[in-house]
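Please read the points below with the model open beside them.

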Amino acid sequence: MNTALRLLAAALVALALGACQTRSPETTGSIGPSAARAPLGRAEVEGLGVRYRENPNDLGSAMRYAQALRATDQRTQAAAVLQQAALRNPRDQAVLGAYGKVLVEVGRFQEAQEVLQNAHTPSQPDWRILSAQGTAADQLGDHARAQGFYEAALKIRPEEPAILSNLGLSYALARRLDQAETVLRRAVQNPAADARVRANLAMVLGLKGRFAEADTLLRQDLPPAEAEASLASLRGLVSQPNRWKAIEAADRAAAKPAAKPAAALGAGTMADPRG
């Protein structure tokens with residue numbers, strides 16, 4: 001899949017979950033690695049696996065092992081570990097939140113919706129869970145419902161760039177490009193916005209034919225050759241007569257887990273760009 005298409009296709013899953021997971025994962029059941037944490041080595045992951053298999057009923061061990069699996073791109077395995085943890089702890093919202101988010105990452109969106117709705121309560125909503133629920137709804141094509149989740153999350157966490165970026169991309173998938181641009185510009189203006197958020201705005205600008213502005217944004221974070229390649233890919237996408245079908249198809253394809261778990265360490269960013 002070309003770079004620009006991959007950016008849009010992966011944005012909803014990776015930005016919602018990736019960006020959320022670097023902020024207070026302990027309180028939300030997220031299994032993403034902390035931004036300040038060093039990458040895990042194979043031996044460390046295997047050690048966590050040994051401890052988990054010795055006592056799979058130990059919730060802390062299960063959560064740490066699932067976190068390590070997710071951090072090393074072994075999301076299908078992480079989902080299996082968290083499924084067992086959720087079966088053993090069906091009322092633990094931290095476990096359900098972690099399990100629901102990884103279900104989104106591996107493309108099991110309907111299951112994710114069912115799990116995530118029990119990962120918090122109406123009286124104590126969690127903006128990260130709401131954003132993940134929006135991601136699942138977007139991937140199922142229910143953009144109006146997804147936008148409702150993002151708006152609810154913004155009431156708890158006003159101007160959070162991860163939520164705004166997801167909302168903007170949801171508008172883009174719904175072909176409401178003016179609203180997408182407005183929301184993504186709000187996200188970019190936040191000092192906490194990262195390269196992924198700027199790339200998402202660049203994508204929307206490109207879809208509107210404003211390639212010079214898109215190029216300027218891309219060059220803030222990418223080497224010149226990569227920025228040029230991304231812009232060329234975006235131009236090619238926009239020129240297609242069936243571009244929306246291509247975007248929707250790529251969005252679905254990008255949400256599916258890889259055929260083989262990656263051996264490389266660390267979580268994805270732009271190709272996993274939240275987006």
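1. Terms for helix pairs. Angles under 35 degrees count as roughly parallel, over 145 as roughly antiparallel, 65 to 115 as roughly perpendicular, and the rest as oblique. The angles run from 0 to 180 degrees between N-to-C directions, and the axes are lines fitted to C-alpha atoms, for helices over the stretch in contact.

2. Basis. This is a predicted model, in which local features need pLDDT of at least 70, side-chain atom pairs count only at pLDDT 80 or more, and totals for chains, interfaces and linings use all residues. Residues are numbered from 1 along each chain as its sequence is written, and side-chain values use heavy atoms, with hydrogens and water left out.

3. Overall content. The protein has 15 helices and 0 strands; both are DSSP runs numbered from the N terminus, helices being H or I of at least four residues and strands E of at least two. Of its 275 residues, 52% count as buried, meaning under 20% relative accessible area, with exposed over 50% and partly exposed in between (1.4 Å probe, protein chains only).

4. Surface and contacts. Contact means heavy atoms within 4.5 Å. Among contacts between residues at least 6 apart in sequence, 64% join residues at least 24 apart.

5. H4 with H5. Helix H5 covers residues 75-88, and its axis lies 8 Å from that of H4 at an angle of about 165°. The two helices are therefore roughly antiparallel. Their crossing is left-handed, that is, the near helix is turned anticlockwise from the far one by less than a right angle (clockwise would be right-handed). On the H4 side the contact includes Leu-59, Ala-62, Met-63 and Tyr-65, and on the H5 side Val-81, Leu-82 and Ala-85 are among the residues met. By class, this contact has 10 nonpolar, 1 polar and 2 charged residues. Here Ala, Val, Leu, Ile, Met, Phe, Trp, Tyr, Cys and Pro count as nonpolar, Asp, Glu, Lys and Arg as charged, and the others, Gly among them, as polar.

6. H4 with H6. Helix H4 (residues 59-71) also packs with H6, at about 25° and with the axes 12 Å apart. This angle makes H4 roughly parallel to H6. The crossing is again left-handed. Leu-59, Met-63 and Arg-70 of H4 meet Ala-94, Val-95, Ala-98 and Glu-105 of H6. These residues divide into 5 nonpolar, no polar and 2 charged.

7. H6 with H7. The axes of H6 (residues 93-105) and H7 (residues 109-116) come within 8 Å and cross at roughly 165°. H6 is thus roughly antiparallel to H7, and this crossing is left-handed. Among the H6 residues in the contact are Leu-96, Gly-97, Tyr-99 and Leu-103, while Phe-109, Val-115 and Leu-116 are among those in H7. The contact divides into 8 nonpolar, 2 polar and 2 charged residues.

8. Two residues to look at. Gly-97 lies in H6 and is buried, at 0% relative accessible area. Its C-alpha is 6.7 Å from that of Ile-129, 32 residues away in sequence. Ser-131 sits in helix H8 (residues 127-139) and is buried, with a relative accessible area of 0%. Between the C-alpha atoms of Ser-131 and Tyr-150 the separation is 5.5 Å, across 19 residues of chain.
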